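Subject: A structure for you to look at

Hi,

Here is the structure I promised to pass on. Please open it beside this email, and then read on for what turned up in it.

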Amino acid sequence: MRTCVPVRTVQVVGIGLGDPGQLTLDAVEALGGVDVVVLLHKPGPADELTTIRAKIVERFAPQARVVERDDAVRDRTSPDYEGATERWRDERAALYEQTLLDEVPDGGSCALLVWGDPAIYDGTVEMLHRLDARGRVALDWRVVPGLGAPTVLAAAHRTTLTRTARAATITPARRVLDDSVDSGEADLVVMLDSAKDHGLDHLPDDATVYWGAYVGTPDEVLIAGRVGDVRAEILAARATHRERKGWLMDTYLVRRK
């Protein structure tokens with residue numbers, strides 16, 4: 001006898017950086033057509049991001065049933081960063097898999113709301129590939145791009161991510177901190193910086209930086225200038241706002257030549 005594998009439709013929806021105006025028409029249409037929205041709660045003050053997601057669901061997916069779960073916790077203190085990240089993604093895949101089986105009926109649909117643009121730096125796309133490969137639940141899924149932090153940052157500073165005939169590299173700050181990032185002429189878009197160290201400490205004073213925290217939200221903070229002139233100001237701003245909110249999400253563009 002042939003076994004029927006449950007099939008669920010999953011929309012991975014980029015929601016921008018908290019401002020409902022940053023949702024694309026495709027995102028609004030996707031949210032308006034799903035049966036279930038899965039929201040993962042993060043530990044501590046960063047759960048503010050889940051609250052913002054919930055407000056977006058209330059506005060753009062009033063027909064959907066909201067399923068809430070506690071997110072898998074990543075060990076950020078492990079010296080094996082890549083290994084810890086892999087374990088976290090496996091745990092997240094298992095969490096989503098069980099949630100889909102328990103909460104989304106065969107033939108039903110759900111949305112996963114991703115901060116920024118899931119096509120740039122979020123792990124949800126990779127997690128769904130893993131879930132799909134496990135074969136326990138059949139998926140028909142698509143990615144709806146959103147406005148990511150690099151784009152919103154550049155717009156806020158009235159600049160562009162690229163310059164004529166110049167390359168730009170998007171890199172996690174870890175690659176800047178250990179000096180393994182390309183040392184050529186490419187400009188850098190730096191994301192996921194450390195709470196203790198900072199990539200600007202590893203960049204030349206004569207580079208130009210466009211920095212922003214909580215970009216695209218009412219809490220937005222922007223600083224731009226020569227690295228040697230604004231480094232201390234940026235570090236002080238990071239400390240102040242992390243203390244005030246309990247979490248920090250910043251991004252910066254560096255013109256090195």
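A residue counts as buried when its relative accessible area is under 20%. Please keep in mind that this is a predicted model. By that cut-off, both Tyr-214 and Trp-247 are buried.

Where do the partners sit in the chain? Tyr-214 is in the loop between strand S8 (208–213) and strand S9 (221–226), while Trp-247 is in the loop between helix H7 (227–245) and strand S10 (250–255), so the pair ties together parts that are 33 residues apart in sequence. Tyr-214 has a further neighbour: Lys-245 lies over the face of its ring, 5.4 Å from the ring centre.

Now for the second largest pocket, which holds about 180 Å³ of space. Helix H2 (48–60) and S10 each supply at least two lining residues. Sorted by kind, the lining has 9 nonpolar, 3 polar and 4 charged residues. Why does this pocket lie between domain 1 (8–144) and domain 2 (149–255)? Both domains give residues to its lining, so the pocket lies between them.

Enjoy exploring!

Terms used:
Residues numbered from 1 in each chain as written. Predicted model: local features only at pLDDT ≥ 70, side-chain atom pairs only at ≥ 80, totals over all residues. Heavy atoms only, no water. Helix = DSSP H or I, 4+ residues; strand = E, 2+ residues; numbered from the N terminus. Buried < 20%, exposed > 50% of the residue type's maximum accessible area, 1.4 Å probe, protein only. Lys NZ or Arg CZ within 6 Å of the ring centre and 35° of its normal. 1 Å grid on protein atoms, 1.4 Å probe; cavity = no way out; pocket = protein on both sides within 12 Å on 5 of 7 lines; lining within 4 Å. Points joined across faces, edges and corners; volume = space filled by probe spheres on them. Nonpolar A, V, L, I, M, F, W, Y, C, P; charged D, E, K, R; others polar. Domains from an automatic or database assignment.
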